[in-house]
Amino acid sequence: MKHFPLFVDSNKPSAFRQYMRCIVGGNWLMLVSLVVIISSIIISYPLAQAFSIPMQITAHISTIVFAGILKVGYVLRCVGFNELGHEVI
């Protein structure tokens, strides 16, 4: 398995940079959505008594929405890896 640099070198071809942006963007999208999902689950269930009903409703809805965003981030990451010639599991 090849390792990619964290920062994209400006001397690389533009297609490489574009797919590296896909990978980095997908990683960030997955990380942010995972944090929001975990926060909304904590608000929805263990700490529900500490939050108002509208806040709980928002947390429940955001769990579903950000789960979809997590999947979009994963697909974006897979596209970047696939186009750079790596096997996507």
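Reader: What is the relative accessible area of Gly68, and how is Gly68 classed?

Author: Gly68, which lies in helix α2, falls between buried (under 20% relative accessible area) and exposed (over 50%), judged with a 1.4 Å probe on protein chains only. Gly68 is therefore classed as partly exposed, and its relative accessible area is 32%.

Reader: What kind of model is this, and from which number do the residues of each chain start?

Author: This is a predicted model, in which local features need pLDDT of at least 70 and side-chain atom pairs count only at pLDDT 80 or more, while totals for chains, interfaces and linings use all residues. Side-chain values use heavy atoms, leaving out hydrogens and water, and residues are numbered along each chain, as its sequence is written, from 1.

Reader: How far is the C-alpha atom of Gly68 from that of Ser33?

Author: Gly68 and Ser33 are 35 residues apart along the chain. The separation of their C-alpha atoms is 8.9 Å.

Reader: Is Ser62 buried or exposed, and which residues does Ser62 touch?

Author: Ser62 is also placed in helix α2, and because its relative accessible area is 16%, Ser62 counts as buried. Leaving aside residues up to four places away in sequence, Ser62 touches, with heavy atoms within 4.5 Å, Ala67 and Ser40.

Reader: How are α1 and α2 oriented to each other?

Author: The axes of helix α1 (residues 14–44) and helix α2 (residues 53–83) come within 7 Å of each other and cross at roughly 160°. Angles over 145 degrees count as roughly antiparallel, under 35 as roughly parallel, 65 to 115 as roughly perpendicular and the rest as oblique. The two helices, α1 and α2, are therefore roughly antiparallel.

Technical notes
Axes are lines fitted to C-alpha atoms, for helices over the stretch in contact, and angles run from 0 to 180 degrees between N-to-C directions. Helices (H or I, at least four residues) and strands (E, at least two) are DSSP runs, numbered from the N terminus.
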